[in-house]
Every structure is written in C-alpha cells, then in structure tokens.
Amino acid sequence: MEIQIINFQSHGDERGELIALEENKNIPFEVKRVYFMYNTKKEVHRGFHAHKKLQQVLFCPCGSCTIKLDSGKETVTVRLSNPTEGLVVEANTWREMYDFTPEAVLMVLASDYYDENDYIRDYDEFLQYVEACERKKE
Ligand code: T46
C-alpha cells in the first residue's frame, strides 16, 4: 500500500519556521474543513473508521502520533513527527491513530464538511464496501 507524504516547504529564518498550506496547491484538494485533536491520552486509540468520499491531509504541527492505514488488503503505519510532513489519506481507507505524545496536536485538512453519512464505522462493512467498489471498476 503506497504512502503519500507531502513535504511542506518551511520558510525558515533567524526568527524560526513558517509553513503555508494552500488548497489545490500543496494541499491536493479544496479545503472545506479544518479540525485538530489535542490532549489525547497516551493509551488512547482513535479512528476505527473509513470514509466513502472524504480526502484528508494529516500532520502534527506539534508532538507526534502514529497513523495506521488499512486498504482492506494491506496495512501501513506512519509516525507523524515532523511538522513539514503531511500524510494524504484517501477515501476507502480504514484508519487508526495512537501513541500520541502529551503535547501532540493532530491537525486535519478535509475536502468536505462533517457528514456522519460518509463514515463507515464497522470493519466488515468496510471490507464489503471496498469489494463492491472494486467490482464496479471491473
Ligand atoms: C478522521 C480522523 C483522522 C464534529 O462534530 N465535527 C468534525 O468535523 C469532526 C471530525 C468530529 N466531530 C465530532 C463527532 C464526534 O462526536 O467530534 C467527535 C469526535 O469525532 P470522532 O470520534 O469521529 O473522532 P476520531 O478521532 O475517531 O476521527 C476523526 C475524524 O472524525 C475522522 O474523519 O478521519 O479523525
């Protein structure tokens, strides 16, 4: 399973660093929503769902956490620990987030507004959905 990492350009000078994120430029879609999670407890695992249509870019401007992605056939894990690295998470991908450091902020840029109907929160249903999408492509 291919991991898509966007390397954000950091504009550093003697004052520190600055990163700019722009829709349809270094973010590969129109950004309709931004949300972030913080104060995540060390033992917590979040996520456990996929999206039917939503595309997202995840990054940690502060601290670090691990993202596990599952296509229904393969899994990959990515440690987000550098504010210059954004992980693209496409639709039809089961995700889990865990091992947050105490100061971690997980920031998410999303291609659409919040819509609970876009979530698949049952793993078997996710596998069936992936198979149905593949059958449609054939
Ligand atoms: C995802 C991963 C990376 C809202 O009201 N608006 C929002 O935009 C979001 C994202 C959530 N919520 C509410 C819904 C729940 O009552 O916030 C609560 C926590 O959401 P959830 O349990 O879905 O959070 P995670 O961390 O499991 O998943 C989130 C996103 O929901 C999801 O799209 O891909 O982060």
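Me: In which strand is the place of His51?

Reply: Strands (E, at least two residues) and helices (H or I, at least four) are DSSP runs, numbered from the N terminus. His51 has its place in strand β3. This is a predicted model, in which local features need pLDDT of at least 70 and side-chain atom pairs count only at pLDDT 80 or more, while totals for chains, interfaces and linings use all residues. Residues are numbered from 1 along each chain as its sequence is written, and side-chain values use heavy atoms, with hydrogens and water left out.

Me: Does His51 count as buried or exposed?

Reply: Buried means under 20% relative accessible area, exposed over 50%, and partly exposed in between (1.4 Å probe, protein chains only). His51 counts as buried because its relative accessibility is 1%.

Me: Which side chain does a polar contact join to that of His51?

Reply: A polar contact is a pair of N or O atoms within 3.5 Å; within protein, one must be able to donate a hydrogen and the other to accept it, and residues adjacent in sequence count only if both atoms are side-chain atoms. Here the partner is Asp118, whose side chain makes a polar contact of 2.9 Å with that of His51. An N or O atom in the His51 side chain is also 2.6 Å from an oxygen atom of the ligand.

Me: Which residues around the ligand come nearest?

Reply: A residue is near a molecule if one of its heavy atoms lies within 4 Å of it. Of the 13 residues around the ligand, the nearest are Arg33, Arg46, His51, Gln56 and Tyr119. A side-chain N or O atom of Gln56 is 2.7 Å from a ligand oxygen, and a polar side-chain atom of Tyr119 lies 2.6 Å from an oxygen atom of the ligand. On its own the ligand has 650 Å² of accessible area, of which the protein covers 68% (Shrake-Rupley method, 1.4 Å probe).

Me: Which strand gives the most to the shell around the ligand?

Reply: That strand is β3, with four residues. At least two residues of the shell come from each of β2 (33-37), β3 (46-51) and β8 (94-98).

Me: Where does Asp99 lie?

Reply: Asp99 is in the loop between β8 and β9 (105-110). Asp99 has a positive phi of about 55 degrees, although not a glycine. Its 40% relative accessibility makes Asp99 partly exposed. Between Asp99 and Ile67 the C-alpha to C-alpha distance is 8.8 Å, with 32 residues of sequence separation.

Me: What span does helix α1 reach?

Reply: The expected span of a helix is 1.5 Å times one less than its number of residues. Helix α1 (residues 123-137) has 15 residues and reaches 21 Å from first C-alpha to last, close to the 21 Å expected. At the start of α1, a side-chain oxygen of Asp122 comes within 3.2 Å of the backbone nitrogen of Asp124.
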